[in-house]
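Let's take a walk through a protein together. Keep the picture open as you read, and look up each spot as it comes along.

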Amino acid sequence: MTTIYFVRHAKPDKTVHDDRTRPLTAEGLADSEKVTELLKNKNIDIIMSSPYKRSMDTVGGLAKALNKEIFTDDDFRERNAGSWFGDNFLEFIEKQWADFNYHILDGECLASVQERNIRALKKVLAEHSGKTIVIATHGTALSTIINYFDPAYNFKSFMRILNFMPYVVKMEFEGESFLGMSEELIIDKNW
């Protein structure tokens, strides 16, 4: 059996608009210590992450505590929302969940996000079968993974976790077969 702990990043600094370099806030850094406490005794074999700074920093303390390298995979990155940044963002997200192919001109649809995340996950499952793995990721990316295995996961489900930062979900697999999921850590920022 392969166990994967998906870690949605801690609270980011929204004043930094560059998605790749957006850091955690001081509060987010403090909350990431809870991720370390939760996972440091779980016999983690491998730590992977989206290449985005906020994800890597959320598991940075764990990597240090376990003396492990963080491997990155660009396919675990967050959805590219395109130039949409501002008013009516929730309306945009709701449209994306209603139609997985909906996107603005320079953005990415949820179908594409899900396809690349599942491709990356299947690669991890094939290369690290029987291991316990941490994958640091993002809210939308993680939600498309959950939706792949549980199609009932929808816009309302996504909105439930919108302010969970960090958020840790445990998934278990036998080969590529999904066995189940449990929520392991919820820190609701409600901001």
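This is a predicted model: local features need pLDDT of at least 70, side-chain atom pairs count only at pLDDT 80 or more; totals for chains, interfaces and linings use all residues.

Start with helix 1, which covers residues 26-39. At 1.5 Å a residue, its 14 residues should span 20 Å, and the C-alpha atoms at its ends are 21 Å apart, so the two values agree. Now ask which of its residues are buried. Those are Gly28, Asp31, Ser32, Val35, Thr36 and Leu39. And what do the buried residues of helix 1 pack against? Their partners are strand 1, helix 2 (53-66), strand 4, strand 5 and strand 6.

Next, find two helices that touch each other. In general, a packed pair of helices is described by the angle between the axes and the distance between them. Here, helix 4 (residues 110-127) and helix 5 (residues 139-149) pack at about 80°, and their axes are 9 Å apart. An angle from 65 to 115 degrees counts as roughly perpendicular, and therefore that is the word for helix 4 and helix 5. On the helix 4 side, the contact is made by Leu110, Val113, Gln114, Asn117, Ile118, Leu121 and Lys122. Helix 5 brings Thr140, Ala141, Thr144, Ile145, Asn147, Tyr148 and Phe149. Sort the residues of this contact by type and you get 8 nonpolar, 5 polar and 1 charged.

Leu121 shows up again when we go to the largest nonpolar core, which has 29 residues. Along with Ile4, Phe6 and Ile135, Leu121 touches the most other members. Where does this core come from? At least two residues each are supplied by strand 1 (2-8), strand 2 (46-49), helix 3 (89-98), helix 4, strand 4 (132-137), helix 5, helix 6 (155-161) and strand 5 (164-174). Helix 4 gives the largest share, 6 residues. There is also a second, separate core of 15 residues, including Leu39, Ile44, Ile47 and Leu62.

Zoom in on Ile135 for a moment. Setting aside neighbours within four places in sequence, Ile135 is in contact with Ile4, Tyr5, Phe6, Val7, Met48, Phe76 and Val124.

Now compare that with Met181, found in strand 6 (residues 177-188). Is Met181 buried, exposed or something in between? Its relative accessible area is 37%, so Met181 counts as partly exposed. Again leaving out neighbours within four places in sequence, Met181 is in contact with Ile146, Val169, Lys170 and Met171. Met165 sits 16 residues from Met181 in sequence, and their C-alpha atoms are 18 Å apart in space.

Met165 is also worth a look for its backbone. The peptide bond from Met165 to Pro166 is cis, with omega near -5°, and Pro166 is in strand 5.

To finish, look at two asparagines in loops. Asn43 is in the loop between helix 1 and strand 2, and its phi is positive, about 55°, although it is not a glycine. With a relative accessible area of 65%, Asn43 is exposed. Asn67 lies in the loop between helix 2 and strand 3 (70-72). Its phi is near 55°, again a positive value in a residue other than glycine. Asn67 is exposed too, with a relative accessible area of 73%.

Methods. Residues are numbered from 1 along each chain as its sequence is written. Side-chain values use heavy atoms; hydrogens and water are left out. Axes are lines fitted to C-alpha atoms, for helices over the stretch in contact, and angles run from 0 to 180 degrees between N-to-C directions. Helices (H or I, at least four residues) and strands (E, at least two) are DSSP runs, numbered from the N terminus. Angles under 35 degrees count as roughly parallel, over 145 as roughly antiparallel, 65 to 115 as roughly perpendicular and the rest as oblique. Contact means heavy atoms within 4.5 Å. Ala, Val, Leu, Ile, Met, Phe, Trp, Tyr, Cys and Pro count as nonpolar, Asp, Glu, Lys and Arg as charged, and the others, Gly among them, as polar. A nonpolar core is a set of buried Ala, Val, Leu, Ile, Met, Phe, Trp, Tyr and Cys residues joined through side-chain atoms within 4.5 Å. Buried means under 20% relative accessible area, exposed over 50%, partly exposed in between (1.4 Å probe, protein chains only). The expected span of a helix is 1.5 Å times one less than its number of residues.
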